[in-house]
Amino acid sequence: MLTMIGKRLMFAVPSLIGVVIVTFLLTRALPGDPAAYFAGPAATKEAVEQIRKKLGLDKPLIEQFFRYANDLAHGDFGNSLTTGQPVATEIRNRLPASAELTLLGLFVSVAIAIPLGVLAATRPGSWIDHLCRVTTTAGVSLPVFFTGLVLVYVFYFRLGWSPAPLGRLDVFYSAPPTVTGFYLIDTLIARDLEAFRSALSQLILPATTLAIFSLAPIARMTRASMLAVLASEFVRTARASGLSPATVIVTYAFRNAMLPVITTLSMVFSFLLGANVLVEKVFAWPGIGSYAVEALISSDFAPVQGFVLTMAVMYVLLNLIIDILYGVIDPRVRLEG
Amino acid sequence: MTAQPLLDVQDLTVEFTTRRGIVKAVQHVNISVAKGETLAIVGESGSGKSVTSYAVMRILDRAGKIAEGSVMFSGIDVKAATEDQMRDLRGREVSMIFQNPRAALNPIRKVGDQIEDVLRTHVQQAQVADHGEKAIEALEQVKIARPRERYHAYPFELSGGMCQRVVIALALACNPQLLIADEPTTGLDVTTQKAVMDLIVELTKRRAMSTILITHDLGLAAAYCDRVVVMEKGRVVETATAADIFANPQHPYTKKLMRATPRLGVSLRDLLPEEESRAAMAGLDPAIHHTSQDPSQLTDPRVKPGRDENPKPLLLVDKLVKEYPRQGATAVLGKLFGRKPPVEPDMFRAVDGISFAIGHGESVGLVGESGCGKSTTSMMVMRLLDQTSGLIQFDGEDIGGIQPAAFARLPQRSRIQMVFQDPTDSLNPRFTAARAIADPIMQLGDIRGRDALRARCEELATMVGLPHNLLDRFPHQLSGGQKARVGIARAIALHPKLVILDEPTAALDVSVQAVVLNLLQDLKARLGMSYLFVSHDLNVVRLLCDRVIVMRTGRIVEEGSSEQVLGDPKDDYTKELLTAIPHPPLPIH
């Protein structure tokens, strides 16, 4: 098992190197001159040149790249030009906010989508099957920023049930001492139930937005995969042996049907990381998505590069987890390596 | 026979609700099975034999239901029983063995656990101390070596025959009174088939169980069953004891089935229904429409036209070897997951230095069980696979040195063609029959233009006996036999000299197989082709081939004329293969 994990991580190294090169080139290819941006609209040509020299942008591209790579190797992601903060620190502070939101969104969507898909597959043509179809169609047709805005309009502006969409905590509460970076967990550790409630109420709307978005592919895949497995011969064998419907559905059908669902799950997770950018904007969430967008608008290289690299590392880890899960569920995968 | 049968099916009609209305899959069927009796239900695909058994177990699809009639099992009305009662019956009183044992087992659950699931459902904890021990006992009874180890095996780690033993263990674990075996040995090798059937019979006889064997193979039914029920299109057409039905078949369909079953002492023509057979003998086969055929050639289908004109063989294979590396990762990971390390050498020889020749106009049978290397050999001759070493000479040219990827564009490609095993899977589902037949011509042929191409397709369709109005249909709109004809037309479209037939009739019903085999024989005589016929069915090989090569573990164990090898085998393995074939008790004339 350890060898497999090691091997998988080894395979990730070339793709990470590729990501470093591509993000570096992409940010350089972006329109906009950071030197001119920071010099301001009134700056003279000389002033812009001076800033350019200070940023190292006058050097040849290859030299800029090696300096960047060298810094990376020392754990230095560079400094943001707009805030002046080191990018590594910013990402470290903001990543838990994004992760908490994404994971909760994914958890909610899995908790709804998988039972929905299973029930729809076991009772084809019933009302729950139709419900599943309607939900999935609605889920894929609504873009996240739209669902997000509608939720804010209805639950905050009209009904007033949820707090203002302004960050992770209500202004009256202070952030709990950082243990995991997830406010839901940290507030519980600090036994601050008021803050926990506040954090949760802030999370509900954005997490729901993400859940609605990711519900559709998971429910649809669960249903299709369950239908295929339920029609398979080993399920017929199980039924012909008189096993109880619960055993047939859970032990025989569901575990087999999980394999494609897990693949979908990993894809959905990747989508969510992307969709985050918009949701964080709508809900003023202090995550890495909104951080990256702001940096991009101001041609601030370092945070964008840091963001893309962080995402790449997360994808690699995610895929590794999926592979391990596959091995746990399906004995055939273990042997194929 | 006891007065009250164990299973009594009266006037059973099963309906399926489909998009095109209600389909009656089974109509007014009467079947009864006495205690301890072994009954065979014989029929071709679509005869309703499987549906009947599913109705008995009440495991029909959602769309199917018992519309009429009654099913009584030892005093219980199956039609009226609640689902809970049925569940209690299934596996404990009636159990079932399915075709394709590997698919019938949960791929990601240990076989021992699967047997235990059944035991846990039906046997109270109080009665049995340890379900695990009982499961191992069940594995022991089906003669699985090292049952304690196999308990922890997953289905993919076991061979097909072994999987079928596990399925049998699963079915018999709770000592049911009735076992329904639905094509239990289809897809297994003959020797495995014999072992599995012997095992089923031995176990059921010892426990005084009743058995229903559902099969398309009359030989199998005759060899193992007391009574035979013949079904056609959802109806029972004949019921008789096994001895009677073979000595004196009553219904025309039974007679047709028997004629079509390849067996000892008959020629290819004898397989066809009588009137067609006579027509074929006279050179007027209605299915083929010969135009300029010398009738004398057809009286003896084994005539080899032009064979002696050219003393050089068409295909010469010398010391052909194909090695595959054993998977390194498997060994490493196998160790990590606590599996046995492989003890074999790192290279696995699928084909181990074989040499043979095929003459012009000759048909050679390549026979062996799964894994013997016969398919690998045919793939190398086809240039779909590169050999490790050895020589392949075709029509005097060395084609062994040509890379498989390059071969597809060479003119030699059109001279070696292939007919594949599965007529459905080997056709592109989005191509019409005409497009499928035209495909090789468009790639390699010299016919250009829509009309010329269409004319050639129609000509080929006539040759293989495919009505022209079917040419614009898609594969799913054609029957198995029609699809087989499309596959054959495609293979002969470029006037090949050698056609490799990879079990071309294995997926077909016997009556269709009889027609297709005759078609192949006629085409060979007419077009002067040579055949390399890859098959596991010795009876079919005997009928179609001049010479036979028997392979085992990558080597040739015996080679010679069909009469000699199959009539008087020298090698022990060939003898074993031959004795494993179940024979109907009496040949039909």
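Two residues are in contact here if their C-beta atoms, placed from the backbone, lie within 7 Å. Keep that cut-off in mind for Thr211(B), which touches Thr38(B), Leu179(B), Ala181(B), Ile200(B) and Thr204(B) once residues up to four places away in sequence are left out.

## Ground rules

This is a predicted model, with local features needing pLDDT of at least 70 and side-chain atom pairs counting only at pLDDT 80 or more, while totals for chains, interfaces and linings use all residues. Residues are numbered from 1 along each chain as its sequence is written, and chains are lettered from A and ligands numbered from 1 in the order in which they are written.

## Chain A overall

Chain A has 14 helices and zero strands. Helices and strands are DSSP runs numbered from the N terminus (H or I, at least four residues, for a helix; E, at least two, for a strand). The C-alpha atoms of chain A fill a box of roughly 85 × 55 × 40 Å along the principal axes. Of its 337 residues, 35% count as buried; that takes 20 or more other C-beta atoms within 10 Å of a residue's own, with 12 or fewer making it exposed, anything in between partly exposed, and C-beta atoms placed from the backbone. If you look at contacts in chain A with a separation of 6 or more, 70% of them join residues 24 or more positions apart.

An unreviewed UniProt entry lists residues 101–122, 134–156, 199–219, 257–279 and 307–329 of chain A under "transmembrane region". UniProt positions follow the numbering used here, feature names are shortened, and annotations may be inferred rather than shown by experiment. In the model, residues 101–122 of chain A are 100% helix and 0% strand, with end C-alpha atoms 32 Å apart. Residues 134–156 of chain A come out at 91% helix and 0% strand, and their end C-alpha atoms lie 26 Å apart.

## A helix pair in chain A

Helix 6 (residues 127–141) and helix 9 (residues 193–230) of chain A cross at roughly 135 degrees, and their axes come within 7 Å. Axes are lines fitted to C-alpha atoms, for helices over the stretch in contact, and angles run from 0 to 180 degrees between N-to-C directions. Helix 6 of chain A and helix 9 of chain A are therefore oblique to each other (under 35 degrees is roughly parallel, over 145 roughly antiparallel, 65 to 115 roughly perpendicular, and the rest oblique).

The crossing of helix 6 of chain A and helix 9 of chain A is left-handed, meaning the near helix is turned anticlockwise from the far one by less than a right angle; clockwise would be right-handed. On the helix 6 side of chain A, the contact is made by Cys132(A), Thr135(A), Thr136(A), Gly139(A) and Val140(A). Helix 9 of chain A brings several residues, including Ile212(A), Phe213(A), Arg220(A) and Arg223(A). The residues of this contact between helix 6 of chain A and helix 9 of chain A divide into seven nonpolar, three polar and two charged. For those classes, Ala, Val, Leu, Ile, Met, Phe, Trp, Tyr, Cys and Pro count as nonpolar, Asp, Glu, Lys and Arg as charged, and the others, Gly among them, as polar.

## Where the chains meet

On the interface, 25 residues of chain A are in contact with 32 residues of chain B. Helix 1 (2–29), helix 10 (233–240), helix 11 (245–282) and helix 14 (331–336) of chain A are the elements giving two or more residues to the side that touches chain B. Helix 10 of chain A gives the most, with six residues. By class, that side of chain A has nine nonpolar, nine polar and seven charged residues.

From chain B, Gly91(B) reaches across: its contacts beyond four places in sequence include Ala240(A), Ser241(A) and Gly242(A), along with Val118(B) and Cys174(B). Gly91(B) sits in the loop between helix 2 (83–89) and strand 6 (94–97) of chain B, and counts as buried because it has 27 C-beta neighbours inside 10 Å.

## Inside chain B

Back to Thr211(B), which lies in strand 8 (residues 210–215) of chain B. Thr211(B) counts as buried, with 23 C-beta neighbours inside 10 Å.

Helix 15 (residues 374–381) of chain B has seven of its eight residues buried, so it is largely enclosed by the rest of the structure. Among them are Lys374(B), Met379(B) and Val381(B). Just after helix 15 of chain B, Arg383(B) takes a positive phi of about 60 degrees.
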